[in-house]
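Here are my notes on this model, with the two ligand sites taken in turn. Please keep the structure open as you read.

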Amino acid sequence: MKELTITKQIQTEEDKQNQEILKNSGEIPLHIAIIMDGNGRWAKNKGSIRLHGHKVGVDSVRDITESCAQLGVKYLTLYAFSTENWGRPSTEVRGLMKLLVSSLRKEAENLNKNDIRLSTIGQLDRFPQSCQTELKEAIELTKDNNRLELCLALSYSGRWDITEAVKKIATHVKEGRLDPELINDQMIGDHLSTADVPDPDLIIRTSGEYRISNFLLWQLAYSELYITETYWPDFRRDELYEAIRSYQGRDRRFGKISISEDEKAGSSRLVNKKS
Ligand code: IPE
Ligand code: IPE
Ligand code: MG
């Protein structure tokens with residue numbers, strides 16, 4: 001497969017080996033979602049302004065995107081700006097918007113060359129026109145790519161997503177096209193902004209906060225959680241591998257019993273049948 005060139009650094013032999021070991025030691029999550037938190041605290045610790053943390057955070061985005069694509073992760077959803085983040089000081093909000101535009105300008109072509117499809121979820125129409133145009137162009141440019149879908153959650157919140165889905169479903173009912181009795185899990189999922197994407201297998205939150213902060217509330221029902229104290233600008237591929245190793249050691253029961261126990265129960269059922 002073609003070498004990836006998002007970080008513009010040549011992949012070391014050691015990293016290639018680490019990825020091989022990880023791929024052979026268990027399942028690689030199909031969909032990873034990340035709450036990229038701690039940019040401000042990282043900057044403060046360095047005696048710098050918050051925006052500096054956001055800027056270095058973009059380097060982490062590159063490194064994590066590239067390593068996910070190399071590992072064969074198919075969907076990477078990054079929580080970049082929440083609905084509640086509009087409440088931050090206007091200088092920070094403006095700085096983040098500028099950073100988004102400049103990063104997209106720099107990276108769109110690169111994402112395209114690396115067969116990565118860009119998408120977004122959230123209220124894009126709340127963004128300045130320059131951001132919307134840059135995003136639309138990058139999405140259009142990369143729309144036929146297949147290696148990895150990189151989805152940016154922008155002006156996103158889980159409650160907003162569910163509210164919008166409820167409005168759409170209620171409209172179908174009002175217009176007499178839907179019997180409310182037919183509303184089920186599947187239908188609600190199909191009306192969310194993530195309708196075409198499988199639910200995340202693994203969700204990572206950096207900066208040691210034990211909360212979801214209004215991220216993919218519906219979609220996280222059975223995601224495995226991994227929380228690290230590391231601030232986002234310091235979160236790089238080796239820690240991603242750590243998170244995936246932790247994921248590989250989990251027993252995902254989805255409310256049932258573990259497969260090994262089920263096998264045991266199955267064999268004892270057979271024994272019982274014979275006797
Ligand atoms: C995450 O880092 C980035 C955004 C929410 C945009 P923060 O800016 O929340 O950094 P902390 O949590 O204040 O350290
Ligand atoms: C969550 O981080 C949102 C993003 C990472 C975009 P916040 O910093 O906004 O969350 P809280 O305020 O700590 O819950
Ligand atoms: Mg934060």
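1. Which side chain has an N or O atom 2.7 Å from an oxygen atom of ligand 1? The side chain is that of Arg-88. That pair is a polar contact (two N or O atoms within 3.5 Å; within protein, one must be able to donate a hydrogen and the other to accept it, and residues adjacent in sequence count only if both atoms are side-chain atoms). Taken alone, ligand 1 exposes 380 Å², and the protein buries 88% of that (Shrake-Rupley areas, 1.4 Å probe; for residues, only the protein chains shown count as cover).

2. A word on the basis. This is a predicted model, where local features need pLDDT of at least 70 and side-chain atom pairs count only at pLDDT 80 or more, while totals for chains, interfaces and linings use all residues. Residues are numbered from 1 along each chain as its sequence is written, chains are lettered from A and ligands numbered from 1 in the order in which they are written, and side-chain values use heavy atoms, with hydrogens and water left out.

3. The backbone also reaches ligand 1. A polar backbone atom of Asn-39 is 3.1 Å from a ligand 1 oxygen. For Gly-38, a backbone N or O atom lies 3.3 Å from an oxygen of ligand 1.

4. The shell around ligand 1 counts 13 residues (a heavy atom within 4 Å). Asp-37, Gly-40, Arg-41, Arg-50 and Arg-88 come nearest. By class, the shell has three nonpolar, five polar and five charged residues (nonpolar: Ala, Val, Leu, Ile, Met, Phe, Trp, Tyr, Cys, Pro; charged: Asp, Glu, Lys, Arg; polar: the others, Gly among them). Helix H2 gives the largest share, three residues.

5. Ligand 2 has its own shell. Among its residues are Asp-37, Tyr-79, Phe-81, Arg-88, Arg-205 and Arg-211. The classes are five nonpolar, three polar and four charged.

6. Which side chains contact ligand 2 oxygens? An N or O atom of the Arg-211 side chain is 2.8 Å from one. The Asp-37 side chain has an N or O atom 3.2 Å from a ligand 2 oxygen. The Arg-88 side chain also places an N or O atom 3.2 Å from a ligand 2 oxygen.

7. Away from the ligands, look at charge pairs. The whole structure holds 24 salt bridges (a Lys or Arg side-chain nitrogen within 4 Å of an Asp or Glu carboxyl oxygen). Glu-3 and Lys-16 form a salt bridge at 3.6 Å, N to O. Glu-3 lies in the segment before helix H1 (13-25) and Lys-16 in helix H1, so the pair ties together parts 13 residues apart in sequence.

Methods
Helices (H or I, at least four residues) and strands (E, at least two) are DSSP runs, numbered from the N terminus.
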